[in-house]
Amino acid sequence: MDASELKNLSASRTVDARGTSCPGPLLEAKKAIGTIMPGEIMEVLSSDEGTKVDIPKWCQKQGHEYLGTVEENGYFRIFLKKG
Amino acid sequence: MKNSKMCLALFSGSIDKLTAAGIIISGAVANDMTIDVYVLLQGARAMLKDIARDKEKLSMAENANLRDEFLKSCKELNVKEWHEFFKEAKEIGDVKFHICGLAGKIWGGYKMEDFVEFADDIVGISEYISAAQEADVHLFI
């Protein structure tokens, strides 16, 4: 998905992990994913550069669909669909 | 999918290596691995109740002169302390901390109540060998 499509998504859950370092955002995502249903969208906010790579990898392993990342000023919005 | 297993031999009781272990355990737990940590010699000292949360009692494994810089940076970057990583990983997933009985005794830790509350049991070496044989990932820190 491109940035404009991603920005139009409405996430069932937004996890704000800005200000934490690796593995903070990943752990927050792990904790939150259990609270949404398969097919629902989750958005992870992170200011940690590594999360951009970590979350897609994690999605692949866990069977979630990584939708894309939007770069904002000083942080990333990472979108995924629960598998 | 069957959960894969990680076996970690935690020999070190130094604050930098304990932090690294905490981050690795957290990553493994996020990926639904089953993790067995065998806490050996210096690691068992760090797991003593009176030592674990007292940074002054734990040294650096490498570059001792960089200790202050390390601790300051970790604080600024909002990195949890090692024991917080350990504890949180247990809250999220299947992680067990097994203390080597001999190692405990070397540092004066004889019973479970001598160790941090997130320690699971006191074991002998064959438990570790069996876990290492069965694990998909085996690390020594």
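Of the 141 residues of chain B, 39% count as buried, where buried denotes 20 or more other C-beta atoms within 10 Å of the residue's own, the C-beta atoms being placed from the backbone. This is a predicted model, in which local features need pLDDT of at least 70 and side-chain atom pairs count only at pLDDT 80 or more, while totals for chains, interfaces and linings use all residues. Residues are numbered from 1 along each chain as its sequence is written, and chains are lettered from A, with ligands numbered from 1, in the order in which they are written.

I turn to the fold. Chain B contains seven helices and five strands, taken as DSSP runs numbered from the N terminus (helices H or I, at least four residues; strands E, at least two). Their order along the sequence is β-α-β-α-α-α-α-β-α-β-α-β.

As to dimensions, the C-alpha trace of chain B spans about 40 × 35 × 25 Å along its principal axes.

Contacts require C-beta atoms, placed from the backbone, within 7 Å. Among those in chain B with a separation of 6 or more, 78% join residues 24 or more positions apart.

Finally, the interface. Ten residues from chain B meet eleven residues from chain A. On the side of chain B that touches chain A, helix H1 (15-30) and helix H5 (82-92) of chain B each supply at least two residues, and the largest share, four residues, comes from H1(B).

Notes: Buried ≥ 20, exposed ≤ 12 C-beta atoms within 10 Å, placed from the backbone. Contact = placed C-beta atoms within 7 Å.
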